[in-house]
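Here is a friendly walk through one chain and its contacts with a partner. Have the model open as you read.

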Amino acid sequence: MTDSAGLERRYWRLLACYPRAFRREHEQEILAVLMAGADEGQHRPRLGEAANLIRHALWLRLGLSRGGIMINERTFPISVDSSSRTIITAFGAGRRAPRVRMSASTVDVRMGWVFHATIPREAVASARPLNRDELRGPFRISVLRGVNYWPRTALVNGASTGLVEITLDRQKWVRMGPFRAPIRRLIVSAEDQSGLVAALNPSPLAPDDSTLKSRDS
Amino acid sequence: MILTALAAGSQHGYGIISDVKAISAGRIQLKAGTLYAALERLRADKLIEVDREEIVESRLRRYYRLTPAGAELLATEATRLQSNVHVAMSRLKPTVRLLT
């Protein structure tokens, strides 16, 4: 460990590359980590360390940060037809674009504050395109939009087309507004219906996810 | 690896870097930029959360811990890897017997 003022100042300059909001949250603790990892007598940031900080800062500024965990993340927007957009936005569900985000290990489904589920990919038993005619119970009501719940099934949609049925091999608790509810089946309306189904049902010949993880060392 | 490092209890940034290096036998040496990008993502996914904050030698030290969802995901992933190892070892057995 070193307390070189010069080194600390140089780290500050590097951290200035990060967006202000990120700096406000993490600058102090990153600096503590950098200083703790510095060698005795070190006066300048190591080249690899500086490049790593600049790279992640740029990714954040460009909105391309992958969290340093996986490089195969994909986002599938939940489709919202024009007549539903106003009402969904009015209820605050559209402030953050509704989407299904898939990473190497999770399927994350969000519609604003009204619905959020983080499901381990292992828990997804199957996924298939679903016609509206196949919906049962109250889900048959064609005008249903937003988030609807029927025992152990959640319908998260902004349109009645492009539906994808995701069946889980276990019960998962999801957040619906202020409440938590168990589901075994999740139905979403996807802009890219076939793409989402294909991503949720990976080919058995596809490379293992672990090979796609970045190894930043 | 970060989730594994946090499985034993809450840790601060430098502690996670040291632990990841130790449990990977030196193969993985996380850099600060990578670590905090990963921590941001894991927090956004509600897999980890801030446990507490301390000031040590005038510097902020923030401790992170696994959430129940993070622990569940880690357990699922560990089971999957264990299953892969089991299959690989069971398939290797005849080959190993032939070689000996």
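## A helix at the contact side

In this predicted model, helix α3 of chain B covers residues 32-44, 13 residues in total, and spans 18 Å from its first C-alpha to its last, close to the 18 Å expected at 1.5 Å a residue.

How many of the 13 residues of α3(B) are buried? Ten of them are, so the helix is largely enclosed by the rest of the structure. Among the buried residues are A32(B), G33(B), L39(B) and L42(B), and R41(B) is also buried. The cover over these buried residues includes α2 (20-36) and α3 (47-62) of chain A, and from chain B it includes α1 (2-7), α2 (13-23), β2 and β3.

Chain A leads us to the interface. There, 25 residues of chain B are in contact with 29 residues of chain A. On the chain B side, α2, α3, β3 and α4 (68-99) each supply at least two residues, and α3(B) gives the largest share, eight residues. By class, that side of chain B divides as follows:

| Class | Residues on the side of chain B that touches chain A |
|---|---|
| Nonpolar | ten residues |
| Polar | five residues |

Now to the strands. Chain B has an open sheet of three strands in the order β1-β3-β2, with antiparallel pairing. Its edge strands, β1 (11-12) and β2 (48-56), each pair on one side only. Between β1(B) and β3 (residues 59-66) of chain B there are two bridges, and Q11(B) has Y64(B) as its bridge partner in β3(B).

Notes. Residues are numbered from 1 along each chain as its sequence is written. Chains are lettered from A and ligands numbered from 1 in the order in which they are written. This is a predicted model: local features need pLDDT of at least 70, side-chain atom pairs count only at pLDDT 80 or more; totals for chains, interfaces and linings use all residues. Two strands pair if DSSP finds at least two bridges between them. Helices (H or I, at least four residues) and strands (E, at least two) are DSSP runs, numbered from the N terminus. The expected span of a helix is 1.5 Å times one less than its number of residues. A residue is buried if 20 or more other C-beta atoms lie within 10 Å of its own, exposed if 12 or fewer, and partly exposed in between; C-beta atoms are placed from the backbone. Two residues are in contact if their C-beta atoms, placed from the backbone, lie within 7 Å. Ala, Val, Leu, Ile, Met, Phe, Trp, Tyr, Cys and Pro count as nonpolar, Asp, Glu, Lys and Arg as charged, and the others, Gly among them, as polar.
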